[in-house]
Amino acid sequence: MADVTVEQLAQVVGAPVERLLQQMKDAGLPQTKANQAVSDKEKQVLLAYLKQSHGGSAADPGRITLKRKTVSQLKVSGGQGKSKTVNVEVRKKRTYVKRNEAEAEKAEKKRLAEEQARELEKRRKEAKEDAKRAKDQEERARIEAEARKQLEAEQPQKEKPADKEKSSPKRKAREKSRFERDDDGDDRRKKRRSVDKGDAKPGRGGKSTRRGRSSPQKTQLHGFEKPTKPIIREVNIPETITVAELAQKMSVKAAEVIKAMFKLGTMVTINQVIDQETAAILVEEMGHKVKLIKADALEDSLAVELNTVEGEQTTRAPVVTVMGHVDHGKTSLLDHIRKAKVQAGEAGGITQHIGAYHVNTERGMISFLDTPGHAAFTAMRARGAKVTDIVILVVAADDGVMPQTEEAIQHAKAAEVPIVVAVNKIDKPEADPDRVKNELAQRDVIPEEWGGDTQFVNVSAHSGEGIDELLEALLLQAELLELKAVPNSPARGIVIESSLDKRRGAVATVLVQNGTLSQGDNVLVGQFYGRVRAMLDENGKPIKEAGPSIPVEILGLDGTPDAGDEVFAVQDEKKAREIALFRQGKYREVKLARQQAAKLENVFENMKQDEKKTLNIVLKADVRGSLEALTQALNDLGNEEVQVKVVSGGVGGITETDANLALASSAVIFGFNVRADATARKIVETEGLDLRYYSVIYDIIDDVKKALSGMLKAQFREEIVGVAEVRDVFKSPKFGLIAGCMVVEGMVYRNERIRVLRDNVVIYEGELESLRRFKDDVNEVRSNMECGIGVKNYNDVRVGDKIEVYKSIQVERSL
């Protein structure tokens with residue numbers, strides 16, 4: 001410790017400097033002034049002196065006495081209902097003694113001797129108890145043997161004369177069971193008596209009598225015995241498990257598991273989740289057997305059940321998807337095939353839902369999927385290509401290959417699905433089928449007549465020309481594919497579309513791929529399950545069953561599944577419910593994990609989120625496919641300055657909850673082929689929310705683009721309007737340095753900003769202070785005219801410099 005002065009020491013101990021100097025003088029220390037230093041040794045001398053002066057011993061530094069005084073108040077009731085307060089003072093005195101090494105060693109030896117004595121006494125007691133227990137067992141065996149001998153001696157006297165010589169085996173068994181029963185009953189009675197009396201002493205002579213019978217007093221033993229070896233358990237470990245659950249499975253305390261984890265180098269808490277590998281190592285470390293359980297055990301059992309399909313395979317109808325660019329006549333072509341006006345019900349003549357239909361022809365049945373051609377439905381077209389057997393690529397003969405045509409080709413090739421090209425609109429004068437063949441050949445779609453494997457059929461959806469040839473081509477391609485299915489098996493299919501109906505509930509359009517789906521079947525569809533309450537065909541007529549390649553609408557699910565989810569008909573409703581709940585939980589875990597990952601990965605991006613403007617949208621659509629396509633299209637809009645955030649999306653009408661959510665999040669409400677109910681409309685009118693209805697998808701996209709464009713920051717572009725060259729420099733008593741210039745380009749304006757350039761390098765940026773032509777102040781000077789320019793706050797203009805005049809023009813921005 002560093003030396004301190006007398007004055008600092010006085011501040012520490014809280015004593016006046018003069019008094020401390022006097023005490024140091026009495027203790028024989030040399031300090032006489034406040035600024036003199038005091039060493040640690042001198043402090044010890046002063047402390048010893050002060051102890052002696054207060055009656056203590058300087059040679060006994062190992063003893064210290066603490067005195068404590070506490071004062072409390074006690075209320076005492078007096079006469080006439082009055083009370084008075086009495087102060088109670090409690091004084092406590094405690095002395096602490098510091099032992100030396102010899103005393104500490106002596107105390108440690110005494111403690112060890114006491115522990116050894118206790119251990120010896122414990123072993124002696126255990127040995128005594130073991131001897132007593134063995135003696136009791138011997139005594140019990142002796143009594144049982146005597147009782148058995150006595151019973152055998154009495155038995156011949158009770159037998160009938162005819163049975164004196166030999167007892168029958170049945171009689172012996174009966175007597176033996178009676179003896180065992182009496183013996184067990186006697187033991188039970190003894191145990192009850194022992195429990196009732198507790199540890200009471202035995203009766204006189206060590207005998208206890210009951211019903212005139214006497215028997216020696218037996219020591220009652222504990223019902224449980226200490227295990228002679230550890231119990232090894234088989235522990236089932238899922239993919240994740242908490243420490244508490246793992247301890248429960250091993251029948252040990254959680255503290256033991258935490259201690260074992262600490263020894264393995266990992267610190268955990270009782271509610272912490274550990275992975276399967278770590279749990280397996282821990283269980284083996286603690287001496288138990290490990291049995292790993294997959295989280296997807298239910299899914300695996302379902303897969304095994306579905307893969308064991310037995311039955312005779314038969315030829316099934318092909319599933320054909322119609323693809324192509326927007327307005328190339330896909331729906332009109334399908335219309336002519338079905339002899340029904342599907343197009344009349346579509347808004348703007350554009351298919352915005354996936355439609356599924358089956359058509360019976362002379363040569364067999366064909367199922368059609370009609371997919372939208374607009375760019376926003378790329379995901380829906382991709383989903384359609386995954387469930388199809390053949391793709392009809394519709395290309396307009398007067399328009400050729402377009403961007404969505406190329407996308408359709410890519411989807412078909414990715415799904416490895418054969419293509420049949422339908423060159424439509426050949427009845428138009430400007431039709432050029434050869435041009436279509438050339439453009440498709442450049443994209444690896446080679447016609448058969450050119451040595452390729454793709455059939456080209458010229459058709460006209462307007463006149464019906466080539467329709468029969470197209471169906472022939474489809475059925476021929478189906479024969480080459482050899483499509484098979486097992487009708488007599490549980491149904492298996494895929495969801496084409498789903499929606500929420502107010503009257504009917506969740507409605508899903510399902511394409512049966514294998515087996516037969518019947519009314520009343522239990523079905524598992526993605527995260528949802530239910531019983532098929534009703535089935536409708538594409539014309540809305542109820543049917544009882546649907547075989548392979550038949551599209552149907554089913555009612556009875558507990559939610560709207562996503563388009564593309566697989567449909568399974570299962571026998572056990574309980575199993576379907578368990579798998580659906582498991583999938584829902586897994587979906588929530590995955591969703592939370594993605595959100596957490598997004599938070600961690602985009603932490604720096606989120607720091608700048610406040611600078612980014614966001615357009616919040618509450619989106620409601622009539623069917624799930626449109627909702628997915630719209631959400632994807634809207635999320636793709638925006639740039640580094642503005643973005644779209646779909647706060648909530650759902651299927652069905654706009655409700656009060658949607659309106660309140662839009663109010664809380666300052667969002668715009670979009671309804672696609674749905675309407676708001678009365679309560680929601682009231683909230684919209686009261687709070688002034690923005691509610692818009694749409695029936696064509698690209699109208700929503702265009703409006704959102706305009707809104708985002710309006711949210712963009714204004715962008716300014718500089719335009720040079722004139723350049724003046726400095727020919728002479730002279731001084732003015734009023735303005736300072738004036739540059740005599742000649743305007744060489746454009747016009748020089750007084751109110752615009754300028755730059756001074758020297759050797760084409762900007763050396764100053766500012767504004768004009770004066771602009772004169774001869775002696776007159778002017779606002780502008782034209783090209784090839786002389787003028788005098790005074791630059792504000794700048795006096796370093798030289799001959800040969802150029803003064804550039806520019807103005808900022810606001811440019812409209814758009815996405």
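## Basis

The model is predicted: local features need pLDDT of at least 70, side-chain atom pairs count only at pLDDT 80 or more, and totals for chains, interfaces and linings use all residues. Residues are numbered from 1 along each chain as its sequence is written, and side-chain values use heavy atoms, with hydrogens and water left out.

Most residues other than glycine have a negative phi. Ser251 is not a glycine, yet its phi is positive, about 60 degrees. Ser251 sits in the loop between α6 (243-250) and α7 (254-263). Helices (H or I, at least four residues) and strands (E, at least two) are DSSP runs, numbered from the N terminus. Ser251 counts as partly exposed because its relative accessibility is 48%. Buried means under 20% relative accessible area, exposed over 50%, partly exposed in between (1.4 Å probe, protein chains only).

Asp759 also has a positive phi, near 55 degrees, and is not glycine. Its loop runs between β35 (753-758) and β36 (761-773). Asp759 counts as exposed, because its relative accessibility is 72%.

## A buried aspartate: Asp801

Asp801 lies in the loop between β39 (786-791) and β40 (802-811). Its relative accessibility is 2%, so Asp801 counts as buried.

The side chains of Asp801 and Arg758 are joined by a polar contact of 3.0 Å. Such a contact is a pair of N or O atoms within 3.5 Å; within protein, one must be able to donate a hydrogen and the other to accept it, and residues adjacent in sequence count only if both atoms are side-chain atoms. Leaving out residues up to four places away in sequence, Asp801 touches Ala724, Glu725, Val726, Val756, Leu757, Arg758 and Asp796. Contact here means heavy atoms within 4.5 Å.
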